[in-house]
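Reader: I would like a close look at a single part of this model, in one connected answer.

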Amino acid sequence: MASSSSVPASPAQSKKPRDKIADWLRQTLLKKPKKMPVSQEGHLSDGSQTATQDCLPPASRSSPPSCSCSPPSCSSPPSRSSGLSLALQPTHMDPSSGSGSSSGRWSKDYDVCVCHSEEDLEAAQELVSYLESSKASLRCFLQLRDATPGGAIVSELCQALSSSHCRVLLITPGFLRDPWCKYQMLQALTEAPGAEGCTIPLLSGLTRAAYPPELRFMYYVDGRGQDGGFYQVKEAVIRYLETLS
């Protein structure tokens with residue numbers, strides 16, 4: 001009896017396992033990669049946002065919310081612009097916008113310059129107080145009060161005379177004895193030699209005979225009255241100022 005022997009596999013059958021392996025490898029390589037887990041995607045997105053913020057300028061980066069309940073000491077003070085504007089407003093109207101023009105009363109700093117001797121300072125102060133407290137509120141220059149500290153005496157006098165509309169000469173025995181007062185008188189006449197009414201002599205404690213010869217061409221105010229001639233001086237100044245408007 002013939003013994004059975006194994007029949008060798010045909011070439012087609014031996015190729016099947018190898019073909020299966022090749023197909024499996026091919027399918028494995030052609031498959032798309034699976035999506036990353038959500039945790040990994042979130043980690044990457046956080047990293048990309050951090051990198052984006054690092055590239056942005058400081059102004060565009062998000063800042064942590066500030067505390068809404070800041071202490072009172074850190075709060076900004078209220079605006080004071082309105083208060084400052086009120087404080088800086090002048091207390092009176094601009095003289096140039098009123099009835100007087102730039103060529104009138106307000107074209108000079110003073111209405112009256114009072115020239116006097118040193119020993120008649122008290123009388124000069126009384127005259128200035130009377131004129132300044134009058135209804136016209138005359139602006140007076142009194143040398144010992146209004147002169148610039150450190151300024152030259154002669155320069156200050158000339159500046160005061162040129163900056164005043166009228167000059168009042170308080171002529172007394174002390175005025176006549178003082179060479180400086182005579183200089184003031186001559187300087188006042190030099191400033192306005194032809195102007196009538198701007199130089200007002202006030203004769204006090206002297207007779208007509210003692211009236212200075214340099215002033216004989218103009219009338220003077222007699223200071224022997226009850227008010228010392230102050231009222232007439234005031235009216236003379238006001239009349240002259242009215243001619244300027």
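Reader: Which elements do the buried residues of α6 pack against?

Author: The model is predicted, so local features need pLDDT of at least 70 and side-chain atom pairs count only at pLDDT 80 or more, while totals for chains, interfaces and linings use all residues. Residues are numbered from 1 along each chain as its sequence is written, and side-chain values use heavy atoms, with hydrogens and water left out.

Helix α6 covers residues 153-162, and Glu156, Leu157, Ala160 and Leu161 are buried in it. Buried means under 20% relative accessible area, exposed over 50%, and partly exposed in between (1.4 Å probe, protein chains only). Helices (H or I, at least four residues) and strands (E, at least two) are DSSP runs, numbered from the N terminus. Seen down the axis of α6, the buried residues fall within an arc of 130°, so they line one face of the helix; the arc is that of the directions from the helix axis to the C-beta atoms.

These buried residues pack against β1 (110-115), β2 (140-142), α5 (143-146), β3 (164-171) and α8 (179-191), where contact means heavy atoms within 4.5 Å. Ala160 also belongs to a core of 18 residues, which includes Ile171, Phe175 and Leu215. A nonpolar core is a set of buried Ala, Val, Leu, Ile, Met, Phe, Trp, Tyr and Cys residues joined through side-chain atoms within 4.5 Å.

Val154 is likewise in helix α6, but is partly exposed, with a relative accessible area of 39%.
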